[in-house]
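My notes follow in the order I took them.

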Amino acid sequence: MTYISKEFQKVVGTRPIRPDGVDKVTGKANFGADMVMPGMLWGKVKRSPHAHARILAIHTEKARALPGVKAVVTWEDFPPIPSEEAFVGEGPMNFRDLSRNCMARDKVLYDGHAVAAVAATSPAIAEEACDLIQVDYHVLPHVIDVEEAMKPDAPLLHDDLFTQGVDPKPTRASNVAKMIGFTKGDIDAGFREADVTIERRYSNAPVHQAYIEPHACVVSAAADGQTTIWSSSQGHFMVRAYCAKLLGIDISQIRAIAAEIGGGFGGKTLIYLEPLALAMSRKTGRPVKMVMSREEVFRGTGPAAGAVIEVRLGAKKDGRLTAAEAVLKYQAGAFPGSPVGPGCMCAFAMYDIPNAKVTGYDVVSNRPKVAAYRAPGAPNSSYGVESCLDELADQLGIDPLALREKNAAKDGVKALHGPTWQNIGYAATVEAAKNHPHMKEPLGPNQGRGVASGFWFNIGGESSAACHINEDGTAVVAVGTPDIGGSRASMAIMAAEILGIPVERVRPIVADTSSIGYSFLTGGSRVTFATGMATTQAAEKVVEELKKRAAMIWDISPDAVEWKDGKAWPAGPNAGSFEPLPLAEIALKSGRTGGPISAEVSVNAQGAGPGFATHICDVEVDKETGYVKILRYTAVQDVGRAIHPSYVEGQIQGGVTQGIGWALNEEYIYDKDGRLENPGFLDYRVPVAPDVPMIDTVMVENANPRHPFGARGVGEVPIVPPMAAVANAINDAIGVRMRDLPMSPPRLRAAIDRNGG
Amino acid sequence: MPRVVISGQAARRFTGGATELEVEANTFRRLVLELDRRFPGLGRQIDESMAVAIDGEIFQDAYLAQLKPESEIYLIPKIGGG
């Protein structure tokens with residue numbers, strides 16, 4: 001059933017206090033590192049100091065002999081996993097690679113790669129034991145840069161990696177794992193038709209998701225094999241499945257419990273510590289707790305991919321695009337699986353271009369395996385395309401927003417990757433940006449304004465939700481998707497709307513893997529859409545049951561009962577004359593009318609509406625230092641229907657802030673030996689509160705007809721436009737075009753010097 | 001008859017280079033079965049690593065999706081997210 005019409009919405013669109021808020025602001029919420037158990041051991045990881053080396057031997061005798069050490073594990077404690085591809089959190093994953101990423105087998109492939117782990121009675125003893133483990137390495141040449149890694153003579157990471165997607169099938173191994181391509185129309189004819197052609201090369205750095213909470217877990221394996229995992233992740237069903245796979249045990253043996261999560265942004269759609277803790281708990285029969293340090297997070301977990309983006313655009317003098325081409329080279333890290341596919345599909349998604357071609361390369365190098373990060377792949381390609389579009393606008397003498405408006409994709413336009421757009425709100429975001437007062441604000445010396453747009457698909461997928469009515473007429477909503485961005489509040493809102501009760505009378509929880517049906521992880525901006533659909537349907541089932549119970553109490557047909565404002569009402573004069581029955585009264589009598597009232601629904605939600613955004617950014621550049629101050633930022637986004645507007649705004653503001661960090665400061669710095677030199681927040685500079693102004697959000701509500709309340713995913717597209725918006729603003733301010741990220745003070749200062757000061 | 005466009009190069013290795021195919025089927029499941037019969041291995045490839053756009057709407061899993069004679073089906077890389 002649909003409730004998109006706002007006349008049906010009394011709770012949806014309001015801003016109640018989040019149900020997990022008090023615990024979080026008073027420090028009582030239990031995050032991954034807060035779990036403590038009797039007899040618990042502490043686990044630590046021994047990590048490689050080399051970017052690329054063959055493991056000759058691992059000597060653990062001294063560590064095992066240290067008093068307090070209870071277990072040591074190396075690759076020998078994990079079953080060999082055959083090469084088997086599956087689609088996991090953010091994209092394709094090979095379980096053999098996942099296993100080897102958690103624990104190196106024959107080679108280490110990056111500085112920080114795990115080679116052993118220890119469980120001991122204290123963290124200090126575990127660390128000391130790690131120091132006592134001696135690993136004999138044969139150090140190999142390494143490669144960090146993506147284009148260096150693509151060269152035929154580059155050091156090879158995997159002898160058995162042959163480029164997929166090329167004809168004929170290669171006979172020589174390569175660091176290029178895959179080539180992928182999309183074409184539309186006749187690209188050569190499109191460029192011939194153009195009055196102006198522009199061709200540029202851009203690059204952006206791999207960056208970390210920089211979640212505040214490091215990875216943490218506690219795993220307890222009992223003597224009979226039954227195992228409980230508490231961990232901070234974006235999907236406890238994902239944790240359960242991957243641990244079972246990597247250790248060769250039945251899924252039914254594992255119960256995974258979602259801890260509160262202190263940020264994920266895609267980076268917690270993989271496992272790192274859990275299989276190690278599980279292996280050591282099985283060895284010792286005691287719970288094992290593992291918590292990463294910040295340095296380990298940087299050295300050992302997946303950043304977002306960095307990329308080189310080559311863009312070529314052709315246009316008529318009036319700004320109409322006739323052709324567009326891009327070549328994308330994406331960092332995958334140590335194992336294949338960069339988000340180059342989505343990067344290709346997102347590159348030109350905002351525009352109606354008759355002739356287009358995108359070619360993408362997935363490239364391995366001696367860096368940690370990449371993980372998802374908000375809209376994985378899209379920010380990289382969009383930074384190049386949206387910067388190049390700005391350069392084209394400059395060349396044509398056309399306002400950059402007008403150029404976007406002229407070429408905006410609309411309903412009925414066929415996207416480069418195939419689908420014909422339906423019910424999209426891109427043009428509405430451009431229109432709203434154009435009319436925003438921000439566009440009229442005067443700018444001073446060394447100040448400039450940039451605009452950029454972005455797209456993300458959003459997904460649906462498998463979700464389960466249960467709705468239970470308590471004896472006093474309150475309700476519990478249990479879901480299988482961890483709450484990262486306030487989803488419990490949104491679930492409570494949707495259930496309250498259907499049940500017709502105040503949202504404060506609905507208690508939303510995240511249930512463990514043994515208490516609710518399977519749910520795919522929290523990612524892809526899918527939870528408010530997909531789990532919201534399951535929650536809505538579970539509440540609808542409960543309402544149907546409540547109507548039956550009322551009918552039983554009144555001794556009339558269930559068809560003669562309707563549900564409104566949290567009460568059962570006779571459907572009309574023919575139904576009889578009864579006082580309305582509130583939910584609490586029906587709940588109180590549920591034992592006499594058939595038993596407890598509850599329902600669980602599992603869905604595989606389809607029809608997630610795509611997300612589009614257009615951002616406006618004002619900067620001021622200090623030409624002496626190269627420092628860029630963000631003066632004002634406005635993010636316009638098609639959000640479908642905002643279930644809880646504060647959290648939609650929060651998602652947009654968070655995505656923009658992370659995008660500003662990617663634009664201005666964030667990067668991994670490696671020394672000549674391939675060792676990471678800045679694995680901490682002092683040297684890896686994320687934006688902090690004084691770095692950003694209050695980010696203004698404009699929610700364009702173009703309801704998604706495939707969701708009962710019209711919701712679209714909102715958490716990813718906000719990170720797509722900022723890099724180009726900032727770069728375009730810098731160029732507008734001082735006439736210096738930055739084509740490589742980050743645009744940090746030393747780099748910008750050098751560019752200003754090259755430009756003649 | 002529904003028209004299938006295979007836009008990812010990975011899938012093309014199964015079809016001998018053909019990127020557009022006509023397949024008699026009234027559900028997506030039947031379409032996949034028919035494609036796998038014609039091009040052994042393509043069905044598994046679609047199941048494990050591809051999403052589908054049917055008449056403009058992207059499905060991650062579309063066995064139940066109904067097809068019309070004029071339906072246009074694009075097979076594209078599966079989409080995840082952060």
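First, a term I need: a crossing is left-handed if the near helix is turned anticlockwise from the far one by less than a right angle, and right-handed if clockwise. Helices (H or I, at least four residues) and strands (E, at least two) are DSSP runs, numbered from the N terminus.

**Ground rules.** I am working on a predicted model, where local features need pLDDT of at least 70, side-chain atom pairs count only at pLDDT 80 or more, and totals for chains, interfaces and linings use all residues. Residues are numbered from 1 along each chain as its sequence is written, while chains are lettered from A and ligands numbered from 1 in the order in which they are written.

**Overall, chain A.** I find 19 helices and 28 strands in chain A. Its C-alpha atoms fill a box of roughly 85 × 75 × 50 Å along the principal axes. I then checked the radius of gyration (over C-alpha atoms; the globule rule is 2.2 Å times the number of residues to the power 0.38). A compact globule of 757 residues would have a value near 27 Å, and chain A agrees with 27 Å.

**Helices around α11(A).** For angles I use lines fitted to C-alpha atoms as axes, for helices over the stretch in contact, and the angles run from 0 to 180 degrees between N-to-C directions. Helix α11 (residues 378-396) of chain A packs on helix α18 (residues 722-734) of chain A at about 30°, with axes 8 Å apart. That makes α11(A) roughly parallel to α18(A) (under 35 degrees; over 145 is roughly antiparallel, 65 to 115 roughly perpendicular, the rest oblique). The crossing of these two, α11(A) and α18(A), is right-handed. In the contact (C-beta atoms, placed from the backbone, within 7 Å) I see, among others, Tyr383(A) and Glu386(A) from α11(A) and Met723(A) and Asn728(A) from α18(A). By class it has five nonpolar, four polar and two charged residues. Here Ala, Val, Leu, Ile, Met, Phe, Trp, Tyr, Cys and Pro count as nonpolar, Asp, Glu, Lys and Arg as charged, and the others, Gly among them, as polar.

On to the next partner of α11(A): the axis of α10 (residues 340-347) of chain A comes within 7 Å of the α11(A) axis, crossing at roughly 35°. This crossing of α10(A) and α11(A) is right-handed too. The contact of α10(A) with α11(A) divides into five nonpolar, four polar and no charged residues.

**The sheet.** Seven strands of chain A form an open sheet in the order β3-β7-β1-β14-β11-β12-β13, with mixed pairing (two strands pair if DSSP finds at least two bridges between them). β3 (69-73) and β13 (254-258) of chain A are at the edges with a single partner strand each, so one side of each has no neighbour in the sheet. β1 (residues 41-47) and β7 (residues 114-120) of chain A run antiparallel, joined by six bridges. Gly43(A) sits opposite Ala119(A) in β7(A). Helix α4 (residues 123-132) of chain A lies across β1, β3 and β7 of chain A, at about 25° to β1(A).

**Chain B.** How many residues of chain B are in contact with chain A? I get 22, against 41 residues of chain A. On the chain B side, α1 (9-15), α3 (42-49), β4 (57-59) and β5 (72-77) each supply at least two residues. That side divides into nine nonpolar, nine polar and four charged residues.

Note on methods: Two residues are in contact if their C-beta atoms, placed from the backbone, lie within 7 Å.
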